[in-house]
Amino acid sequence: MASPETAPATSGSIRRIVAASLIGTTIEWYDFFLYGSAAALVFNELFFPGSEPLVGTLLAFLTYAIGFAARPLGGLVFGHYGDRIGRKQLLVLSLLLMGGATFAMGLLPTHASIGVGAPILLTLLRLIQGFALGGEWGGAVLLVSEHGDDKSRGFWASWPQAGAPGGNLLATGVLAVLAAVQSDGAFLAWGWRIPFLLSGVLVMIGLWIRMSVSESPVFLEAQARAAERAAAGAKAEPPVAEVFRTNWRGVLTAIGTRLGENISYYVITAFLLVYVTSHLGLPKSDGLNAVLIGSAVHFVAIPAWGALSDRIGRRAVTLFGSVGMIGWAFAFFAMLDSKSFPVIAAAVTVGLLLHGAMYGPQAAFISEMFDTEVRYSGASMGSQLASIIGGALAPIIAVALLRDYDSSLPVSVYLATAAVVTTLTVLVAKETRGRSLAREHTPVRAPLPAARRAGPDPLPADN
């Protein structure tokens, strides 16, 4: 019989844990996406002046990519300590780091005030953002996954995933309101700072909620087993080393599963703002409002896809999204080129629905690939390594392709290729639906027998 400390979560407690994870991830993604939107709209002028529009935007997106480069380091550090001391404490730290960096961005002097020091400070804060987010994702989805039951994990674990469109919805909504009530001059002069400073208030709310949840019962049981092994003389490997030695295929599968999803998301949401303003000559409000509408639908669709994965499997739902994205990569830009706002909004919404089919089951799918003792490390490293190849480079590659070819076709090919990689990865992956997260991990190095530990070294064997 499970102890009170490790008993499965009741329906009321799982809802509270889901709410805490969702609100926390929404705030962290708000902070992260706010930078991406600002990079597309104002940072090219404020921090990288004197360049051609697309070149300035490219430089702004380079600092945007630096945040992704820091994410695997965050996943490494947070994964190590999350597998050793628990999920909850690391989630609190990630929220503080992310919120503090975003708030500080709102206070930054621009290039006109301090010259080259402005983009340097911006880059440093972006690194902190990336480091924090690298540790956030694994902890948030694991806290929910490990509290829930095996039959409905896809649904419950998908809610922290909904924090991505929730944060994007919040960030884009704030920017859209400011763009509507301010002149372009006022927004460029000081209005852009408001959403960054708002992060300070949001972080306080998130911390209050996150401090109220309990640690994962599955982790507590694994921690007790680890203590027993240590008492028996077993030497514990660092979680990251352990996961790469025992489950490197899981890390590679997680990377491939995320690649098409990651690239498609940042092309549809971040590069879209560049395409409609710089290439099509439309007002920035058209791009912002299209992402706003699409993100609202995306927010609802992600848990629905997660619930469907509990019925028909993680692979089937993910494949629907990745195969659909292969074709939509070409239809998407054709619809944008219509310059009709309803058509643009429809293009973004359908694109995000297909993305949601890949993203919704992902939290449960990746969590179920790893054992508890290395789950935070394995899930974080697989996810965040994909973010460098995918999300970090996606806007940069897309902008460079648009600049060099003055056409969306190369961008469509790039997006479709990424979706093909995810499709092939999922086709060869094993289905994980229904897999228990409480299974016991077998370390690489087992404890020595008592006689060998106590006695002298054995003599070498005769040849």
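User: What makes Arg 258 and Glu 261 a salt bridge?

Analyst: Their side chains meet at 3.1 Å, N to O. A salt bridge needs a side-chain nitrogen of Lys or Arg within 4 Å of a carboxyl oxygen of Asp or Glu. The pair therefore qualifies. This is a predicted model: local features need pLDDT of at least 70, side-chain atom pairs count only at pLDDT 80 or more, and totals for chains, interfaces and linings use all residues. Side-chain values use heavy atoms, with hydrogens and water left out, and residues are numbered from 1 along each chain as its sequence is written.

User: How many residues apart are Arg 258 and Glu 261 in helix H14?

Analyst: Three, so about one helical turn separates them. An α-helix has 3.6 residues a turn, so residues three or four places apart point the same way. Helices here are DSSP runs of H or I with at least four residues; strands are runs of E with at least two; both are numbered from the N terminus.

User: Why is Arg 258 called buried?

Analyst: Its relative accessible area is 2%. Buried means under 20%, exposed over 50%, and partly exposed in between, with a 1.4 Å probe and protein chains only. So Arg 258 is buried. Glu 261, at 2% relative accessibility, counts as buried too.

User: How do you know that H14 is mostly covered?

Analyst: By count: 26 of its 32 residues are buried. H14 also has a kink of about 45°, centred on Phe 271. That bend is the angle between axes fitted to the seven residues ending at a residue and the seven starting there. Gly 281, with a positive phi near 70°, follows H14.

User: Which residues have the most contacts inside the largest nonpolar core?

Analyst: They are Phe 43, Phe 47, Phe 271, Phe 332 and Leu 336, in a core of 108 residues. Helix H14 gives the largest share of this core, 15 residues. Another core lies apart from it, with eleven residues, including Ile 14 and Leu 91. A nonpolar core is a set of buried Ala, Val, Leu, Ile, Met, Phe, Trp, Tyr and Cys residues joined through side-chain atoms within 4.5 Å.

User: What makes the side chains of Glu 368 and Thr 432 a polar contact?

Analyst: The distance is 2.5 Å. A polar contact is a pair of N or O atoms within 3.5 Å; within protein, one must be able to donate a hydrogen and the other to accept it, and residues adjacent in sequence count only if both atoms are side-chain atoms. So the pair with Thr 432 passes.

User: Which parts does the salt bridge of Arg 153 with Glu 368 tie together?

Analyst: The closest N and O atoms of Arg 153 and Glu 368 are 2.8 Å apart. Arg 153 lies in helix H8 (residues 153-161) and Glu 368 in the loop between H18 and H19, so the pair ties together parts 215 residues apart in sequence. Both residues of this pair, Arg 153 and Glu 368, are buried.

User: Which residues do salt bridges with shared partners join into one network?

Analyst: Arg 314 also forms a salt bridge with Glu 368, with the closest N and O atoms 2.8 Å apart. Shared partners join Asp 150, Arg 153, Asp 310, Arg 314 and Glu 368. A search of the whole structure finds six salt bridges.
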